[in-house]
Amino acid sequence: MNEILQVAHLKKVFSRQDGPDIIAVDDVSFSLQKGEKLAIIGESGSGKTTVARMIARLLEADAGSIMLDGEDITQAKGTKLKQAYTRMQMVFQNPQDSFDPRCTLGDGISESLSNHGKSKKQAADMTKNLLALCGLGEEFAHRYPHEVSGGQCQRAAIARALAIEPELVILDEATSALDVTVQAEVLDLLNRLQQDRGIAYLFICHDIALVQDFCDRVIVMHNGRIVEEGTPDDVINNSQQAYTKKLIDSVL
Amino acid sequence: MSQAIAPTIRVQNVRQNRLQRKLYFFGALAVLLIVASFFSEYLCPYDPYMQDMSLTKAAPSAEHLLGTDRYGRDMLSRVIAGSKTSIFSTLLLVGFITVFGSLIGIICAWAGKWVDTLLMRLSDMFLAFPGLVFALAVAAVLGGGVHNAIFALAAISWPKYARLARSQTLALQSAAFMQAAQMAGSSTFKIIRKHVIPNISGPILVTAMLDIGTMMMELAGLSFLGLGAKPPIPEWGSMMSDTRNLLPTQPWVTLAPGFAIFLSVMVFNLLGDTVRDYLDPKNRR
């Protein structure tokens, strides 16, 4: 089995009290190879973040199935879910919001380590190494999220996601809140980590230009459906759908 | 650049320092009150229960600084001894409703569904009654005594904390760091202990501090109405009620416990206000 993630016929409907239900995700299927970098792009409201949150089991799927390394996690709960989270991690959009304001970055990074049986000292050592891996000094372990910049905080969030050595990292607009130069640095870091560790990335993004050099494959979503799929160059140069063309034109 | 920033920082520092001094001052006063009430039996000049029929309703003098009541008991000793009942009952009450109410609120927010609905409708029921009237009814059913008065007031005051903790926890649940904690494999218990409680404790603590004064008055109120502490026990509310018909002739016996209530309520209220200002993020950094 070479697929780390298989998503089939995923569906999510948000019911509203005033007005018709919103079909956020409709019949979305795709798969992700081990070590592959796949981007899901689309405008706001296209359902890409909903897909990511369903895969991460932060949101209940209404229909469809999610297979993580051949294991069905669509309904996973408790121990099984905790097990799944050792293979799958997530980096959130707003780095400052993804760390508890009352805990240091080190606390946040070592939380998963101590939950999986590492002693305090082991966890502290590993945290130091993870910070170094992500280009941060060990003094950052003692800083609070509001004391560091967005880019530094997002590096720490990547360090946290890597702490239990997952095989799949979901990056939900992980670079959107950062400015352009920091974006490039974070992407560099992600690239380097991918080459060292063979992690698969699911990269949720609205900026097609950003994923062009970064990803192996691109999925374009519109109104909850997949409208196009292919390598970045294919999608950009020979887009079949009017929507994809619009998306590309809006960047260029 | 530095010229533009420097004055703001200095103003904020001055404000922060002043707040800190205020906090220490009122904090020290409150601690003093609590410590004094704890050691009240050693601070009383006379036995607060000792009656001296030869010296009833005496005016304040060098021997009896606050005079004596109609049984010739030294008022100063009774006021000091009363602090133990009043202050300790209040702290016990506020501590209990804070912990209990917040736990209910966190459970509601976490469990959702029917647990949430059931507990919140229950708290609506308690909130629908006018507070002190309901406490009166509870105390009347349970009978007098300090413990029953505490219980009656706890029954009407926990919903406020449950609602506060619930809304704070719900607001917190959408924060990404809660999801990150879940993905880190933390158990619900650990998430609540490590992430929820530290983040919601600020507003709850402020509410509790501001409630100390109110609760002290309500406890004294219940005692005044005869539903709190039973007579020979010195308690400020019941002391005032005991002696209220002496107000025109021997005002000191009523005013002494009244002033004690006033003073302690004021200290705790000012402390609460200062804590609130101090924890206000606008005064931070």
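In chain A, residues 5-248 carry the UniProt annotation "domain: ABC transporter", taken from an unreviewed entry; UniProt positions are given in the numbering used here, feature names are shortened, and annotations may be inferred rather than shown by experiment. The structure is a predicted model, in which local features need pLDDT of at least 70 and side-chain atom pairs count only at pLDDT 80 or more, whereas totals for chains, interfaces and linings use all residues. Residues are numbered from 1 along each chain as its sequence is written, with chains lettered from A and ligands numbered from 1 in the order in which they are written. The span 5-248 of chain A is 36% helix and 25% strand, and its end C-alpha atoms lie 27 Å apart (helices, H or I of at least four residues, and strands, E of at least two, are DSSP runs numbered from the N terminus).

The contact between the chains takes 18 residues from chain A and 13 residues from chain B (contact: C-beta atoms, placed from the backbone, within 7 Å). On the side of chain A that touches chain B, β6 (88-91) and α3 (105-115) each supply at least two residues, and α3(A) gives the most, with three. This side divides into six nonpolar, six polar and six charged residues (nonpolar: Ala, Val, Leu, Ile, Met, Phe, Trp, Tyr, Cys and Pro; charged: Asp, Glu, Lys and Arg; polar: the others, Gly among them).

Within chain B, the axes of helix α3 (residues 75-111) and helix α4 (residues 113-128) come within 7 Å and cross at roughly 145° (axes are lines fitted to C-alpha atoms, for helices over the stretch in contact, and angles run from 0 to 180 degrees between N-to-C directions). I104(B), I107(B), C108(B) and A111(B) of α3(B) meet K113(B), V115(B), D116(B), L119(B) and M120(B) of α4(B). Seven of the residues in this contact are nonpolar, none is polar and two are charged.

Note on methods: Two residues are in contact if their C-beta atoms, placed from the backbone, lie within 7 Å.
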